[in-house]
Structures are given as structure tokens and as C-alpha cells.
Amino acid sequence: IDDAGRGPLIGPMVLAGCLVTRKLEKEFKKLGVRDSKMLTPNRREFLAKEIRKKALAFHITLTHPYEIDSRTSVGLNLNKIEAIRAAEIINKLTEKINEPVRVIIDCPSTNRESWKNYVFKHINENKKRNLILACEHKADRDYAACSAASILAKSEREKQVKEIKKKIGKDFGSGYTSDPITIEFLKKYSQEHKKDGIFRES
């Protein structure tokens, strides 16, 4: 499991989970599956299609700006929101599996153990005993299954960003505040699009 769009001001946070066998993981490595940040957009999209075709299963969740804002207002920070989404993916992908599953999540928190426990709390009771849960930093770099999830998440995030641009009829760049195009867009159009539900306020 990995995320995309954790820090931007515009658009959703996306989490993806990818279910593979060890054999498939080796196949993904041979294909060149790696952390999505290390791939060109064209290569990423090619690999996203291959992953969707070859994976045993995958699941993608979107958390839109209004959900992040409303959950933050009741005390759920971004780490907790992401943990709940990760648990949703685990519940979905292990629904019909009765054998042990090793789950590797690219951990967003500095306190890995505490975050892992929070994820575990939201996993269905009947699935807990069959899970080997690991929450690691740089998992998207170190594990092909996580790299595959990072590619799916990034691909979906890009698709969502394109849809928003189409809907409002303007280019806002990546949606991250480090992006000069996003900064310029905010200066000119933040008031005009304030009620369109595209901005994160928390």
C-alpha cells in the first residue's frame, strides 16, 4: 500500500493497494516497476496498465479535500485518515483470502509502531490473525509490491487532477504549493473557485 497526493493543496489524496504473489513481485521487478517518483509519466502509465492486468487484485481509495477538512475538524489528522484508508484497502483485498498475507505499507508517520497499531485497530477482526503487518519508511523504493501500489496511486491522482482541470477550465499545475503554476493560479483564482471543493483548507 502506498499514497499519492498527501501534501497538495488541490485535489484528492489517493491510496492504492496491490495484491501480488512473490512470483509476481519478481516479474514486476523485471518489468522495471519501481517507486513512481523515479519514473517518467509515459513509463508510469505503461506500468500502471501492466500492473492492473497482472496483479491478483488491487484497490484504490480517494479522500477528497472536503473529507480531509471535515475529519481534521473532529480531531483526525492526516496520518490517522491515511491509516483508516489503508485498513479499508486491507479489508477489501483480503476479503476472500483465508491464508496468511504479508502487508507492507509505506509509512507516513515518524512513529511507525504507533501508526501500525492505529491501522491494525481498523482491520476486520476476522482478518487480524492472518496478517503479517509491516509499516516501513521508503517501502515504495524497497518492495516491488509497494512500488506497484505507488504507481497505481500516482496514476489515479494524475487522472483526478486532469478531471479537475477539465471541470474548471484552467491549468493549476500539480496542485502542490511548491509549484509556481499552482502559486500563480491561487493568486488569480482562489476566490473564484473557493466553493468548487477543490481546495484543502487543513
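Is H137 buried, partly exposed or exposed? H137 counts as partly exposed, at 36% relative accessibility. The cut-offs here are under 20% relative accessible area for buried, over 50% for exposed and in between for partly exposed, with a 1.4 Å probe and protein chains only.

Some ground rules before the points. This is a predicted model, so local features need pLDDT of at least 70 and side-chain atom pairs count only at pLDDT 80 or more, while totals for chains, interfaces and linings use all residues. Residues are numbered from 1 along each chain as its sequence is written, and side-chain values use heavy atoms, with hydrogens and water left out.

1. **H137 and its surroundings.** H137 sits in the loop between β5 (131–136) and α7 (139–142). Helices (H or I, at least four residues) and strands (E, at least two) are DSSP runs, numbered from the N terminus. Once its neighbours within four places in sequence are set aside, H137 touches D106, C107, S109, T110, R112 and D142; contact means heavy atoms within 4.5 Å. As for A86, it is 51 residues from H137 in sequence and 15 Å away in space, C-alpha to C-alpha.

2. The loop between α6 (125–128) and β5 holds N130. N130 is buried, with a relative accessible area of 19%. Leaving out neighbours within four places in sequence, its contacts are N98, E99, P100 and V101.

3. **The sheet.** Three strands make an open sheet in the order β1-β2-β3, with antiparallel pairing. β1 (2–4) and β3 (57–63) are at the edges with a single partner strand each, so one side of each has no neighbour in the sheet. From one strand to the next, the twist averages 20°. Axes are lines fitted to C-alpha atoms, for helices over the stretch in contact, and angles run from 0 to 180 degrees between N-to-C directions.

4. **The β1/β2 pairing.** Two strands pair if DSSP finds at least two bridges between them; β1 and β2 (residues 13–19) have three bridges, in the antiparallel sense. Within this part of the sheet, D3 stands opposite L15 in β2.

5. **α8 against the sheet and α2.** Helix α8 lies across β1, β2 and β3 and runs at about 140° to β2. Helix α2 (residues 41–54) packs with α8 (residues 144–168) at an angle of about 115°, the axes being 9 Å apart. That crossing is left-handed, meaning that the near helix is turned anticlockwise from the far one by less than a right angle (clockwise would be right-handed). On the α2 side the contact involves R44, E45, L47, A48, I51 and R52, and on the α8 side A148, I151, L152, K154, S155, E156 and E158. By type, the residues of this contact divide into six nonpolar, one polar and six charged. The classes are Ala, Val, Leu, Ile, Met, Phe, Trp, Tyr, Cys and Pro as nonpolar, Asp, Glu, Lys and Arg as charged, and the others, Gly among them, as polar.

6. **α3 against α4.** Helices α3 (residues 65–72) and α4 (residues 78–93) pack at about 115°, with axes 10 Å apart. Their crossing is right-handed. α3 brings E67, I68, R71 and T72 to the contact, and α4 brings L78, I81, I84 and R85. The breakdown for α3 with α4 is four nonpolar, one polar and three charged.

7. **The aromatics.** Rings of Phe, Tyr and Trp (its six-membered ring) pair if their centres lie within 6.5 Å; planes under 30 degrees apart count as stacked, over 60 as edge-to-face and the rest as tilted. F172 and F185 are tilted, at 5.7 Å centre to centre and 55° between the planes. F172 is in the loop between α8 and α9 (180–189) and F185 in helix α9, so this pair ties together parts 13 residues apart in sequence. F185 and F199 are tilted as well, at 6.3 Å and 45°; F199 lies in the segment after α9, 14 residues from F185.

8. **Burial in the aromatic cluster.** F172, F185, Y189 and F199 form one aromatic cluster. F172 and F185 are both buried, with F185 at a relative accessible area of 2%. F199 is buried too, at 12%.
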